[in-house]
Amino acid sequence: MNSKQDAENLMNALLPVAEKMLRQYGEFYPFGGYMKPDGTIVHIGVTDEDTDHPKSTDLLYVLRSSLKDMSRANECKAVAVVIDVAVILPNSTEKSDAIQVCLEHLDNYSAEIFLPYRVVEGRVVYGETFAQKGKGDVFEQT
């Protein structure tokens with residue numbers, strides 16, 4: 001299995017969680033997951049003990065820090081961070097809600113996938129998915 005395939009498998013394992021939250025609450029806090037070296041997928045969430053309404057930026061910082069620590073300890077080969085965002089659609093000036101999945105693999109693969117969505121009568125309806133190169137900041141390349 002290659003790095004892109006690992007990252008896609010990880011994304012596909014995490015997306016149902018985002019969809020469930022969107023159906024139930026219309027939004028979600030950032031969460032993530034990682035793939036262990038043996039291919040096992042682990043979901044992770046973060047909370048802020050001080051508040052019931054944490055800032056997404058604070059949660060993202062904690063999430064990314066945890067994933068960086070795990071990558072340094074060789075506990076994962078792929079990581080994903082899933083964020084509820086608003087994006088301007090490609091070739092458009094129109095803004096849309098979207099699920100952003102930041103994927104990264106130990107083998108120097110990094111991508112950000114955007115899945116524009118609307119919640120219609122309790123269902124998540126997707127628009128056209130698009131992607132861009134990721135930042136690649138979890139696995140420190142040597």
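Ser-96 is buried in this predicted model, with a relative accessible area of 14% (buried means under 20% relative accessible area, exposed over 50%, and partly exposed in between, with a 1.4 Å probe and protein chains only). The model being predicted, local features need pLDDT of at least 70 and side-chain atom pairs count only at pLDDT 80 or more, while totals for chains, interfaces and linings use all residues. Residues are numbered from 1 along each chain as its sequence is written, and side-chain values use heavy atoms, with hydrogens and water left out.

Ser-96 lies in strand 4 (helices, H or I with at least four residues, and strands, E with at least two, are DSSP runs numbered from the N terminus). Leaving aside residues up to four places away in sequence, Ser-96 touches Val-85, Ala-86, Val-87, Leu-89, Pro-116 and Tyr-117 (contact means heavy atoms within 4.5 Å).

Strand 3 and strand 4 run antiparallel and are joined by eleven bridges (two strands pair if DSSP finds at least two bridges between them). Within this pairing, Val-82 stands opposite Val-101 of strand 4. The two strands form a hairpin with six residues between them, and Asn-91 in the turn has a positive phi of about 55 degrees. Strand 4 and strand 5, also antiparallel, are joined by eight bridges. Their hairpin has three residues between the strands, and here Asn-108 in the turn takes a positive phi of about 65 degrees. Val-120 lies in strand 5; this residue is twelve positions from Asn-108 in sequence and 38 Å from Asn-108 in space, C-alpha to C-alpha. Val-120 is partly exposed, at 31% relative accessible area.

Strand 1 and strand 2 (residues 41-45) pair in the antiparallel sense over five bridges, with Ile-44 in strand 2 as the bridge partner of Gly-32. Five residues separate the strands of this hairpin, in which Gly-39 takes a positive phi near 95 degrees.

Glu-104 lies in strand 4, and its bridge partner in strand 5 is Ser-110. Glu-104 is buried yet has no salt bridge, the nearest side chain of opposite charge being Arg-64 at 5.6 Å (a salt bridge is a side-chain nitrogen of Lys or Arg within 4 Å of a carboxyl oxygen of Asp or Glu; Lys and Arg count as positive and Asp and Glu as negative, with His and the chain ends not counted). Polar atoms of the Glu-104 side chain do lie 3.2 Å from the backbone nitrogen of Asp-137 and 2.8 Å from the backbone nitrogen of Val-138.

The count of salt bridges comes to six. One of them joins Asp-6 to Lys-77, with the closest N and O atoms 3.4 Å apart. Since Asp-6 lies in helix 1 and Lys-77 in the loop between helix 2 (56-72) and strand 3, the pair ties together parts that are 71 residues apart in sequence. Asp-6 is buried, with a relative accessible area of 4%.

Glu-112 forms a salt bridge with Lys-135, the closest N and O atoms lying 3.2 Å apart. Glu-112 belongs to strand 5 and Lys-135 to the segment after strand 7 (130-133), so this pair ties together parts 23 residues apart in sequence. Glu-112 is buried at 5% relative accessible area, whereas Lys-135 is exposed at 62%.

Definitions and conventions: A polar contact is a pair of N or O atoms within 3.5 Å; within protein, one must be able to donate a hydrogen and the other to accept it, and residues adjacent in sequence count only if both atoms are side-chain atoms.
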